[in-house]
Amino acid sequence: MDLEHRRIVPTALISLIVVGVLFFGVTSSTQETTESKSTDTELEQQQEAVTETVSRLGGKVQSIEETPVENLFLVETPASEFIYVTGTGKHFFVGTLYEMREDSQFPINLTEERRNKSRWELLQALDKDETINFAPDTADGSESAVVYVFTDITCGYCRMLHQDMDDYNKAGIEIRYLAFPRAGVDSPSANYLVSAWCADDPNAAMTLLKNGKEIEQKSCESPVAEHHQLGLKMQVRGTPALILADGSLIPGYQKPAQLVQILEQLESSDS
């Protein structure tokens, strides 16, 4: 083979290689795009099937999300109920989904984790002025841990919690009260809660009520009924009910030292 042919052959081979690489790249890119579209379409079809099943059950869909279990979706309703539905829509269950993790000795309650997230999102949607807040002095620039508390004035343990307010504040804990009249929104205790929220000094009015004192009866556009409904959505069954920064619900009175310990454990688990 002469020198001219030796030059032509490699050039031709290089051209074929370049064309092949370009073709393969285009083909791969097209295939990935097609697979992506196919996956998106399949997901939409599954979500439609899930929505139809929930509708047939008489419910409404607020959100649908995939779970770690293949072909299983978690549906949250506007009433904060959770339903697990398969992608075909044929099978469902109402209950708790657990996960075994290598870094945990005990099974993880995935349903409660999602419920906690939902609780915290609902609380973050509230205006701070809607709650009666007892906050520590943060003049030194320190940050306080916020704990939301569903409360009622006829609740003995709620009164015990309020008596410890100074100790909570000294420990750097801010208590934000939400109203939860256990006897309902048309009860006398609900009227007292409305009066506290409508008072010129809601904090002083709440303290008087917690000490068994009378306050001036007032009415205004208060959030008491909204708080009660919110508590029901969050599965509050009694008072006091504490909601922490991760959305977890702790029923019942917690002494200041106990609550500090719980908050420290929560902070260490997040870090």
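Where is L57 found? In this predicted model, L57 is found in the loop between helix α1 (3-56) and strand β1 (63-66). At 44% relative accessibility, L57 counts as partly exposed, because the partly exposed class lies between under 20% for buried and over 50% for exposed. Together with F92 and V94, L57 makes a nonpolar surface patch of about 300 Å².

Strands of a sheet pair through backbone hydrogen bonds, and the pairing may be parallel or antiparallel. In this structure, four strands form an open sheet in the order β1-β2-β3-β4, with antiparallel pairing. The strands β1 and β4 (92-93) stand at the edges with a single partner strand each, so one side of each has no neighbour in the sheet. Strand β3 (residues 82-86) pairs with β4 in the antiparallel sense over two bridges. In this part of the sheet, V85 stands opposite F92 in β4. F92 is also one of the residues of the nonpolar patch described above.

**Salt bridges**

Side chains of opposite charge can pair when their charged atoms come close. The structure holds nine salt bridges.

| Salt bridge | N to O distance |
|---|---|
| R114 and E65 | 3.0 Å |
| E76 and R114 | 3.3 Å |
| E112 and R119 | 3.2 Å |

Which residues are linked with R114 in a network of salt bridges? The network consists of E65, E76 and R114. Next comes the bridge between E76 and R114, at 3.3 Å from N to O. Since E76 lies in strand β2 (residues 72-76) and R114 in helix α2, the pair ties together parts that are 38 residues apart in sequence.

R114 is buried, with a relative accessible area of 10%, and E76 counts as buried at 3%. E65, at 29% relative accessibility, counts as partly exposed.

A further salt bridge joins the side chains of E112 and R119. Here, E112 counts as partly exposed at 28% relative accessibility, whereas R119 is buried, with a relative accessible area of 4%.

**R176 in strand β9**

Is R176 buried or exposed? R176, which has its place in strand β9 (residues 173-179), is buried, because its relative accessible area is 13% and buried means under 20%. The side chain of R176 is joined to that of E174 by a polar contact of 3.0 Å. When neighbours within four places in sequence are left aside, R176 is in contact with K128, T131, I132, N133, V146, V147, Y148 and V149.

**E48 in helix α1**

E48 lies in helix α1. With a relative accessible area of 54%, E48 is exposed, because exposed means over 50%. How many residues apart in sequence are E48 and T88? They are 40 residues apart in sequence, while their C-alpha atoms are 9.2 Å apart in space.

Terms used:
Residues are numbered from 1 along each chain as its sequence is written. This is a predicted model: local features need pLDDT of at least 70, side-chain atom pairs count only at pLDDT 80 or more; totals for chains, interfaces and linings use all residues. Side-chain values use heavy atoms; hydrogens and water are left out. Patches are made of residues with over 30% relative accessible area and no salt bridge: like charges are joined within 9 Å, nonpolar side chains (Val, Leu, Ile, Met, Phe, Trp, Tyr) within 5 Å. Accessible areas come from the Shrake-Rupley method with a 1.4 Å probe; for residues, only the protein chains shown count as cover. A salt bridge is a side-chain nitrogen of Lys or Arg within 4 Å of a carboxyl oxygen of Asp or Glu. Buried means under 20% relative accessible area, exposed over 50%, partly exposed in between (1.4 Å probe, protein chains only). A polar contact is a pair of N or O atoms within 3.5 Å; within protein, one must be able to donate a hydrogen and the other to accept it, and residues adjacent in sequence count only if both atoms are side-chain atoms. Contact means heavy atoms within 4.5 Å. Two strands pair if DSSP finds at least two bridges between them.
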